[in-house]
Amino acid sequence: MSEQKRTYSRVETYFPGRLRLLAPGEENAVYQGCFGCDAAQSVALRPKGANMPEALLDFLETINSKLDMLLSLANREHLESTFPVAVNIVEISGAGLIFTADREFAMDDRLELVLFLSQFPLQTAGAMGRIHRRDDQSGNSAWAVDFTSIREQDREAIVRYVFQQQRERIRESKQWN
């Protein structure tokens with residue numbers, strides 16, 4: 001019996017994603033990030049020593065966050081047209097994931113995924129991967145994917161998501177005990 005060594009924590013979850021199958025020989029990712037989709041990108045820093053009233057700075061920050069939301073909605077529509085297959089992520093780690101979809105796939109299919117880690121504000125992550133296993137989940141196919149190429153910032157976003165989910169589950173279990 002072989003022993004698996006895990007580098008990343010994983011968590012059962014349920015959130016949407018999109019994917020596209022890669023053509024043979026295709027190596028470049030289409031997804032390059034999503035402007036306005038990452039809350040960390042849109043954090044406004046108040047200028048030090050600015051001679052502007054606090055009320056005006058508050059107003060500008062509110063306008064900025066609303067513009068980010070509109071941009072993220074427009075980006076989501078673009079992502080859905082570029083990545084035509086809707087999937088549901090049921091387990092995730094920094095090394096890969098398991099998803100379900102309304103279609104079948106083949107072993108070793110190569111694909112590019114966009115994950116919607118948070119809806120509001122929209123936070124996305126992208127990765128390229130390879131299907132290495134088919135599982136049965138309540139009578140439906142679930143496909144296990146190993147990430148073959150992922151930007152470091154996207155992996156970090158996934159790892160933050162996993163830790164956040166684990167913390168929430170620990171808090172919930174302490175409340176019920």
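Start by selecting M52, L56, F59, L60, I63, L67 and L70: together they make a nonpolar surface patch of about 610 Å². A patch here is built from residues with over 30% relative accessible area and no salt bridge, with like charges joined within 9 Å and nonpolar side chains (Val, Leu, Ile, Met, Phe, Trp, Tyr) joined within 5 Å. The areas themselves come from the Shrake-Rupley method with a 1.4 Å probe, and for residues only the protein chains shown count as cover.

Before moving on, a word about what you're looking at: this is a predicted model, where local features need pLDDT of at least 70, side-chain atom pairs count only at pLDDT 80 or more, and totals for chains, interfaces and linings use all residues. Residues are numbered from 1 along each chain as its sequence is written, and side-chain values use heavy atoms, leaving out hydrogens and water.

Now zoom in on L56, which sits in helix 1 (residues 54-82). Helices (H or I, at least four residues) and strands (E, at least two) are DSSP runs, numbered from the N terminus. Is L56 buried, partly exposed or exposed? L56 is partly exposed, at 34% relative accessible area. The labels work like this: buried is under 20%, exposed is over 50%, and partly exposed is in between (1.4 Å probe, protein chains only).

Next up, charges. Side chains of opposite charge can pair when their charged atoms come close. A salt bridge means a side-chain nitrogen of Lys or Arg within 4 Å of a carboxyl oxygen of Asp or Glu. How many salt bridges does this rule give? The count is eight.

Select E91 and R10 for one of them, with N to O at 2.8 Å. E91 is in strand 2 (residues 85-93) and R10 is in strand 1 (residues 10-21), so this pair ties together parts 81 residues apart in sequence. E91 is buried, at 16% relative accessibility, while R10 is partly exposed at 42%.

Hop over to R130 and D146, another salt bridge, this time 3.9 Å from N to O. This pair links distant parts of the chain, 16 residues apart: R130 belongs to strand 5 (residues 123-137) and D146 to strand 6 (residues 140-149). R130 is partly exposed at 30%, and D146 is partly exposed at 32%.

Last stop: pick D154 and R151, whose closest N and O atoms are 2.9 Å apart in a salt bridge.
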